[in-house]
Amino acid sequence: MSTVRRSSGGSSLSSAFLQAGSSSFAEFLAMHDPSLLPAGRPLPPGTSVDAVHGTTIVALTFAGGVAMAGDRRATMGNVIAQKDIEKVFPADESSCVGIAGTAGLAVEMVKLFQVELEHYEKIEGASLSVDGKANRLATLIRGNLGMAMQGLAVVPMFAGYDPETGGGRIFSYDVTGGRYEEHRHHSVGSGSMFARGALKKLWREDISPVEAISVAVESLYDAADDDAATGGPDLARGILPVIAVVDSDGYRRVPESELDPIVRAVVAARQNRPDGPVAPITG
Amino acid sequence: MSMPFYVSPEQVIKDKADYARKGIARGRSVIVLQYSGGLLFVAENRSRALHKISEIYDRIAFAAVGKYNEFENLRVAGVRLADLRGYSYDRRDVTGRSLANAYAQTLGTIFTETQKPYEVEIVVAEVGASPHDDQLYRLTFDGSVGDEHGFVAMGGSAEAISEKLRERWTEGLDLADALRLAVELLGSAPESGNGTEEPRVLTPAQLEVAVLDRERPRRKFRRIQGPKLAELLGVDDDSDDEPDESPG
């Protein structure tokens, strides 16, 4: 018989720690201390809270990888709650996750997702497949359905490098935990319909990684142009979008030194054509 | 009415300790030692899947000898504890010391409260910002903790190997020298059962090697295997073509 004392990260290992079986951190939390789960705190019925919302995320594939970008604005009603929030994160060494929706819950869910992937890797001695990771995220979102129905929805987008196909893959989700694989490109959040228009017109089969970064910046610019909750590049303050690239070398956040000239070029081109680049008309 | 035989508490404890010691002594040894760039773990282990050395957290690793199912249970518990702490506080708040304490409590409780003690000996190692900050905790089957300096040997020939490490280990060994020293000492231990004192030359396929590399960002634990291991040992690679380094 092992000890039955319950400790929350305290001095001794209670029976939950020593129980064999699960290699999921979320399942362990649900068993040991459910209050630590993002969805572990039931809200009183019929209330809704004013919470900070994150907005637009775009992702697009290129040959051998995928790029994901997020603007830097968080809003609460008509107020800009934060000018430089980060909404694109590494999920592990070969995938990334971007979040739209209730910022507090979403950031917490990303944190849990990161631990979930690393936990599995440490316990099993091997990484999950890209589909396995995407499914784990769906399970976490499904747990949040109650909160979503009270207005605290989390809508993430997941992208990873798949060594089996040698390319990037994109997954989107709905609040019920539905998981949908997207091809070529996708966007989520309040400015997503505007960003998606730009992605459709600018994405090409043979796009290079650098061009993909540029297209991501263009599409976020278009989202910020028409959606009040999406922030454009703030060159005065040096606030640029967060852009991550995942390929066979793993996750890489595009450094400011590399991103700054691309963003400046996009902004400069808009001085002449405020609506952005022109797509050719055929026929 | 039958009377149970009286056995003194001293005898019970002694019997349990002897039982655990015998179990541990049957196994092959593991050496953990400090080198200039971090901490090195070397185990004689023919299995590629059943590890004796594992990552626990960013700066913390775990090495064990004894019964696999028992130390595996402790390893998983350690990963859970570390991830829980890092999740509810911050990654920097996960320390080797707190983990060693938790293991000590757990092993102590199991030793006193259960019929069969765990036949394990473990090391919790944490790499610091400088060699001075490295920490090595050695935990035995009864929950005793020792704070070791520089090196630890566990398993069947721990005494003999420790003796030689005391003579030959010095601060600031580079990785290849530290690895060769550890492999030579593991090979000098007589293989259980065969009774000969003849030193053996261990090949990369018989070794499990990992480091906590001070210079790596965030997750410092890396396994060294395949060609990289052969190169460090200065021998031909006798293993199948696996990657030099892999996480986990």
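## Rings, strands and a buried arginine

Over all chains, the structure holds nine aromatic pairs; rings of Phe, Tyr and Trp (its six-membered ring) pair if their centres lie within 6.5 Å. This is a predicted model, where local features need pLDDT of at least 70, side-chain atom pairs count only at pLDDT 80 or more, and totals for chains, interfaces and linings use all residues. Residues are numbered from 1 along each chain as its sequence is written, chains are lettered from A and ligands numbered from 1 in the order in which they are written, and side-chain values use heavy atoms, with hydrogens and water left out.

**Aromatic rings**

- F113(A) and F158(A) form an edge-to-face pair, 5.7 Å centre to centre with 80° between the planes (planes under 30 degrees apart count as stacked, over 60 as edge-to-face and the rest as tilted).
- F113(A) lies in helix α3 (residues 103–124) of chain A and F158(A) in strand β8 (residues 154–162) of chain A, so the pair ties together parts that are 45 residues apart in sequence. Helices (H or I, at least four residues) and strands (E, at least two) are DSSP runs, numbered from the N terminus.
- Both F113(A) and F158(A) are buried (under 20% relative accessible area, with exposed over 50% and partly exposed in between; 1.4 Å probe, protein chains only).
- Ring pairs also link F17(A), F25(A), F28(A) and Y87(B) into a cluster.

**Charges over rings**

- K111(A) lies over the face of Y87(B), at 5.2 Å from the ring centre. A charge sits over a ring if NZ of Lys or CZ of Arg is within 6 Å of the ring centre and within 35 degrees of the ring normal.
- In chain B, the charged end of K16(B) sits over the ring of F111(B), 5.8 Å from its centre.

**A sheet in chain A**

- Five strands make an open sheet with antiparallel pairing, in the order β11-β2-β3-β12-β13 (chain A); two strands pair if DSSP finds at least two bridges between them.
- The edge strands, each pairing on one side only, are β11 (185–188) and β13 (250–253) of chain A.
- Strand β3 (residues 65–70) of chain A runs antiparallel to strand β12 (residues 242–247) of chain A, and six bridges join them. Here G65(A) stands opposite D247(A) in β12(A).

**R219(B)**

- You will find R219(B) in the loop between β9 (207–213) and β10 (221–224) of chain B.
- R219(B) is buried, with a relative accessible area of 6%.
- Leaving aside neighbours within four places in sequence, the contacts of R219(B) (heavy atoms within 4.5 Å) include E93(A), E118(A) and D58(B).
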